[in-house]
Amino acid sequence: MYGWAGTILTIDLSKEQIIKEPLDMATAEKFLGPDGIGLKLLWERVPAGTPPLDPANIICFGSGPLTGTFCPNSGKMSSVFKSPTTGLIGVGAAGGFFGPELKEAGYDLLVLMGKAKKPVWIWIDDDTVEIRDAAHMWGKTAWEAIDIIQEEVGDVPTITIGPAGENQMFNAHALIMRSRSIGGTGAGAVMGSKNVKAIGVRGTKGVQVYRPDEFMKKCKEAKDKIINNPVYASFARYGTPGWTPTLITQGVMPTRNFQEGIFPEGEEFLDPETPCKEIFVKSDACESCVIHCGHWCEVRSGPYKGTKTEGVEYYAEYMFGPYMDCADWGFIVKASVECNSLGIGFGSAGMIAWLMELYQRGMISKEDVDGLEPTWGNQEVILELLRKMAYREGVGDILAQGWEKAAEKFGGAEFQPIITRLASTECPRARMDVALSHLTSVRGGDHNKSLPYFAWVCSPEYIRKNWPEWPKETADIYSPIGKPEIVDWTEDWKCVIDSLTCCYWSTSVLQAGGNSPADYAELLTYATGVEYDEEKLMEVGRRIAVLERAFNVREGWGRDVYQMSRMFIDKAFPRGPQAGVKADMKVINKMVDKFLERKGFDAKTGYPRKETLEQLGLDFAIKQLKKQGRIIE
Amino acid sequence: MRVTVQYFTLLKRAIGKGEESYEFQGGARVEDIWAKTLEKYGTEIEQAGYVDAVTKEPRSIIIAMSRIGVVGLKHVDLYDGLETELKDGDLIVMYPPIMGG
């Protein structure tokens, strides 16, 4: 076996069975890695309509055929499950070292099914797989659980959940090692629902490649493309906080629950040099990464002095910064540590900003928040509300049930930044690339599935040169023209990258001259012995993207799932470069229609066309959707 | 005519400041801003790799413009590139590309 490890490891928690099955090579060739293979398993093994926290849901973790090799930036992992946060497909990718270690233990995919009778943790030591008692870990934070695992088996990569996952908070995350996560769509809640506190892995087998000489030569070329690229120096110094100048100058820095798009009071805080000076200690990288965008961080002064962590990045910066009216890197580190330890996705923190806006508007009182005063920038209250959510205490219990339940209790749904069932991470009012990619994202409205970053980062000339068939307005992020084309392509490519479990930051969509689909096809061919070219690789991406969307249709979500919060439609930023602009749903819906038709789905119903599924060899999906009457023949 | 220029991240480090303004009597283009940048900081930004050694044109940096009455910040390539005629109140932004999210 080359490239792939060759085995799917399934753990039936209800029956306490460990099942090792050979990876079907025809499936591997067509679906590549966890994003695709896991998705197919989810489709086959989980009956339509299964509640996400039911034992019948499964959760898959794994890595792709380049992971564990010398291919640069190939050391990530992906996860697939039905999401308790949205009811849609739950997919997510994470860095760290777990994915490569699982692969080197001999497994392409780990599938958890059923529900353990009591809390357990899974220990994988190459061929030895054990379901171990986790009574001594249950109730502990994720970081405490990691300490216990390290005492028991040594310093190994882990996936853990904190109290938020144990208590099935609607979007609890699965923590990868101490600071990476499968976040946003509730992977931690699904693990909690199965009574699985943690997974630890040690792998020593390595990965075989088919044509090692050509592969190593290509790996070197791929590495050179990354480190000789203009993006490299910025990424290496700043990590993702380097992104803030773009948002500041575009006037879309999410501030006080999207009420503002600029944050002049935090000018120094948002300067990417500030964390370099204040909290960064040294660079840090995932396995096989040549960019090292991560940093080890330590708070050197103030109330959080001494707090340390790895991996503070842009999402934490804005969520616990302008979004809640804070401008304090010490607090960003502290809040990141709390979230990771409690097992809370940073997105949940957005609920606190929403609560703050309701308080600002007089729609709730202190009594509604257990006597706490949720004023903007109140760090003490933010930390206490995070804790309450994780342990489901008082108001935290309401918030832990999700956005809809919280709005039922407090009102104010019109101030929730929801796009397609997920809290948005970017502002869709003026930027058409954001509006379309968020609205049509299969995991809900965030940047993870199809935001075409390259429309901004690469020059318009680069886009015109490489995609001459797209309209010339494609590179203009404020124009609706060309957005269905670029979002459609990006979604397919992101599915490839997530299934290869390579780092999105190292590919050509982010860097003019970076590694392209053709480069990855060559790497894959040398690694696996299976011939790939650009066209075949992009078809794999399309197959996964179409099946993900078809999964959502199977679960009952049609065209009407693509909805945007009234806060973006009725309200505009009062100041800054995008002042006065509201989301124009007439224009945006036309883009959605065009996108769906390009993807091979009916714009009116949102259902897939039979020929779309046929062309991609997804006959099993046709059969199921026909039964449900959710296919266009 | 007054035009503001902002530099960010590694370009700001190379130049040593984040913002400055220029006054022009009569018309001016984005290339005039670039010429002034080269005149004042040529050595520093050339060493940092942001100037094409042959053409002396900008290399590996985003140059974008925010203009009164136009929504958002746009690449100058979406206007007329370096030949874009400037207007009073224009904001020119320069920085090496980087992503996040």
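Modeller: In chain A, helix H7 crosses helix H22 in the left-handed sense.

Colleague: Why is that crossing called left-handed?

Modeller: A crossing counts as left-handed if the near helix is turned anticlockwise from the far one by less than a right angle, and as right-handed if clockwise. The crossing of H7(A) over H22(A) falls in the left-handed class. This is a predicted model, in which local features need pLDDT of at least 70 and side-chain atom pairs count only at pLDDT 80 or more, while totals for chains, interfaces and linings use all residues. Residues are numbered from 1 along each chain as its sequence is written, and chains are lettered from A and ligands numbered from 1 in the order in which they are written.

Colleague: What describes the packing of two helices?

Modeller: The angle between their axes and the distance between those axes. Axes are lines fitted to C-alpha atoms, for helices over the stretch in contact, and angles run from 0 to 180 degrees between N-to-C directions. Helix H7 (residues 212-227) and helix H22 (residues 517-528) of chain A pack at about 155°, their axes 9 Å apart.

Colleague: What makes H7(A) and H22(A) roughly antiparallel?

Modeller: Angles under 35 degrees count as roughly parallel, over 145 as roughly antiparallel, 65 to 115 as roughly perpendicular, and the rest as oblique. The angle here is about 155°, so H7(A) is roughly antiparallel to H22(A). H7(A) makes the contact through Glu214(A), Phe215(A), Lys218(A) and Ala222(A), and among the H22(A) residues are Leu523(A) and Tyr526(A). Two residues are in contact if their C-beta atoms, placed from the backbone, lie within 7 Å.

Colleague: And why are H22(A) and H23(A) called roughly perpendicular?

Modeller: The axes of H22(A) and helix H23 (residues 534-554) of chain A come within 8 Å and cross at roughly 95°. That value lies in the perpendicular class, so the two helices are roughly perpendicular to each other. Pro517(A), Ala518(A), Tyr520(A) and Ala521(A) of H22(A) meet Glu534(A), Lys536(A), Leu537(A) and Met538(A) of H23(A).

Colleague: How do you know whether Lys225(A) is buried or exposed?

Modeller: A residue is buried if 20 or more other C-beta atoms lie within 10 Å of its own, exposed if 12 or fewer, and partly exposed in between, with C-beta atoms placed from the backbone. Lys225(A) has 20 such atoms within 10 Å, so it is buried. Lys225(A) belongs to helix H7 of chain A. From C-alpha to C-alpha, Lys225(A) and Gly514(A) are 5.5 Å apart, although 289 residues separate them in sequence. Over chain A, 63% of the 633 residues are buried.

Colleague: How are the helices and strands of chain A counted, and how many are there?

Modeller: Helices (H or I, at least four residues) and strands (E, at least two) are DSSP runs, numbered from the N terminus. Chain A has 27 helices and 17 strands.

Colleague: Why is chain A called as compact as a globular protein of that length?

Modeller: The radius of gyration is taken over C-alpha atoms, and the globule rule is 2.2 Å times the number of residues to the power 0.38. The rule gives 26 Å for 633 residues, and chain A has 23 Å, which is close, so the description holds.

Colleague: What makes E2(A) and E5(A) edge strands?

Modeller: Two strands pair if DSSP finds at least two bridges between them. Six strands of chain A form an open sheet, E2-E1-E6-E3-E4-E5, with mixed pairing. Strand E2 (17-22) and strand E5 (89-94) each have a single partner strand, so one side of each lacks a neighbour in the sheet. Neighbouring strands are turned by 15° against each other on average, direction ignored. Helix H2 (residues 34-45) of chain A packs on this sheet, its direction at about 20° to that of E4(A).

Colleague: Where does chain B touch chain A?

Modeller: In chain B, 22 residues are in contact with 32 residues of chain A. Helix H1 (9-15), strand E3 (62-66), strand E4 (73-75) and strand E5 (91-95) of chain B each give two or more residues to that side. E4(B) supplies the largest share, three residues.
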